[in-house]
Amino acid sequence: MTRRHHGYALLSAVVALIVALSAALYAGVAADGPSRSAAVTGGGSHHHGASAAPASAGTWVGAWSASPVGGEPGTETEGLAGRSVRNVVHTTASGTSARITLSNLYGQSALTITHASIALAAGHDTAAADAGTMRRLTFGGSASVVVPAGGQVVGDPVAIRVPRAADVLVTTYSPTPSGPVTYHPRARQVSYVADGDRTQDADASAYTGQTPYWRYLTALDVLSDDSAGTVVVFGDSLTDGITSTQGANRRWPDVLAGRLRRALAGGSDVPRYSVVNEGISGNQVLMDGLGRPPENESGVGRFARDVLSRPNVKVVVIDLGINDILRNRRLADPDAVVAGLRGLVRAAHARGLKVVGATLMPFQGHRGWSPAKETVRQEINERIRAGRVYDAVTDFDRALRDPYAPNRLRPYYDSGDHLHPNDSGFAKMADTFALTDLRGAGSTEL
């Protein structure tokens, strides 16, 4: 074996070790039932108390999620003290109870939440709640909770009928300064802010502030009566859906969830799974962003947190790698990128999960494209198509490329920047995905 190949083997081993250690770190928050409720991680103590919802039949699955990305600019000192934050999220599973996860990963001080609530939205694009569904949330039986800097908290289950494909309002109030605010900046969904503690308001009149971010909230799980597991879609801006229509839920994982619902309603023999989106715009397989903890943490670094800790995960879908090519100051090494992806697959296989991977879509015409980068993309895709990386492959490259200029997106699917799809392109991605690939467990020999 050459020295170069020894180096790639060592890199692959290091990647696998990092993912395995991360998985062990997050194992404590990966429980599938109500026992996960009220756990505070990343510092602080565990709270124990009676569940806010009685035990009932069903399976805990992810109904919505968003990865924490960084600290919100401008909130470094005061945070959002004295304001109510009303996040609007869209569900992919129904249930009879719900629980939330709040993150203070990027906070430099403890986050005190004195009140929190959950309710169904009264309509589309509104902060108004259906008053009959308003529920007070608790944490270890208490209305208040302190989330340590760098930590997260999982709330108690609360009895609420959550439909699939519904907008849900999750509202938190913090009376004291605590920053920076942990956020997901590319929500493609308007959420709301009000002065004072307005967590129980069904009326929207106090919610005069609007934001394109999701703040603090990173997950909504439901005790589902229609889903038996969770599909986690793990990726970058193509999964985050940054060029999809705001407020329309047209990211490709949203469209995939709709396809799955329709297939099940039509009697198709496909798994009864929810779909959650763990995309981060600009995300890379191997490289972290700046800061401690790093903003926009690498796929290798965040895989345990954003995938393995989700409830009842059955399948992982990975669409990651284009930013390793696009954002690398030097020419990206296809061996290193593939080694990183294989490390993610090994971590998933260690948990019995199936992994479906996507080919990397073309981006000629984008300002970052070059012939050398195109060669790297083609090399990575060749290995993906050959079955050397994932259990199953969805070929987004072949589906969305221009047949007359295959290094480019087909114009009909191009948002205009020659990198990101438009709504039609995201729909094509979801339509390309074979729902039968959701069956079975991981089996690839790497």
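The buried residues of helix H3 are Trp252, Pro253, Asp254, Leu256, Ala257, Gly258, Arg259, Leu260, Ala263 and Leu264. Buried means under 20% relative accessible area, exposed over 50%, and partly exposed in between, with a 1.4 Å probe and protein chains only. Helices (H or I, at least four residues) and strands (E, at least two) are DSSP runs, numbered from the N terminus.

This is a predicted model: local features need pLDDT of at least 70, side-chain atom pairs count only at pLDDT 80 or more, and totals for chains, interfaces and linings use all residues. Residues are numbered from 1 along each chain as its sequence is written, and side-chain values use heavy atoms, with hydrogens and water left out.

**Helix H3**

H3 covers residues 252–265. Of its 14 residues, 10 are buried, so the rest of the structure largely encloses it. Those buried residues pack against strand E18 (229–235), helix H2 (237–240), strand E19 (273–279), E20, helix H8 (396–400) and helix H9 (423–432). Contact here means heavy atoms within 4.5 Å. At 1.5 Å a residue, H3 should span 20 Å, and its end C-alpha atoms are 20 Å apart, which agrees. The expected span is 1.5 Å times one less than the number of residues. Just after H3, Gly267 takes a positive phi of about 85°.

E21 (residues 354–358) is mostly covered, with five of its five residues buried. Lys354, Val356 and Ala358 lie on one side, Val355 and Gly357 on the other, and both faces are covered. In a regular strand the side chains alternate between the two faces of the sheet.

Two strands flank the account of E21. Strands pair if DSSP finds at least two bridges between them. E20 (residues 313–319) pairs with E21 in the parallel sense over four bridges. Ile318 has Gly357 of E21 as its bridge partner. E22 (residues 392–394) also runs parallel to E21, joined by three bridges. There, Val356 stands opposite Ala392. E21, helix H7 (residues 371–385) and E22 make a right-handed β-α-β unit. Right-handed means that, with the strands pointing away from the viewer, the path from the first strand over the helix to the second runs clockwise.

**The antiparallel sheet**

Six strands form an open sheet in the order E8-E7-E12-E4-E14-E15, with antiparallel pairing. E8 (135–136) and E15 (209–211) stand at the edges, each with a single partner strand, so one side of each is left without a neighbour in the sheet. E14 (residues 191–195) pairs with E15 over three bridges. Ser191 has Thr211 as its bridge partner in E15.

**Cavities and pocket**

On a 1 Å grid over the protein atoms alone, a cavity is a set of points where a 1.4 Å probe fits but cannot get out; a pocket is an open set with protein on both sides within 12 Å along at least five of seven lines; lining residues have an atom within 4 Å of a point. Grid points are joined across faces, edges and corners, and a volume is the space filled by probe spheres set on the points. The count comes to three cavities of 30 Å³ or more.

| Space | Volume | Residues nearest the centre |
|---|---|---|
| Largest cavity | about 170 Å³ | Trp64, Ser65, Arg251, Asp254 and Asn277 |
| Largest pocket | about 550 Å³ | Ser281, Gly282, Asn296, Asn323 and Arg327 |

The largest cavity is lined by 18 residues. E19 gives the largest share of that lining, four residues. The largest pocket is lined by 26 residues.
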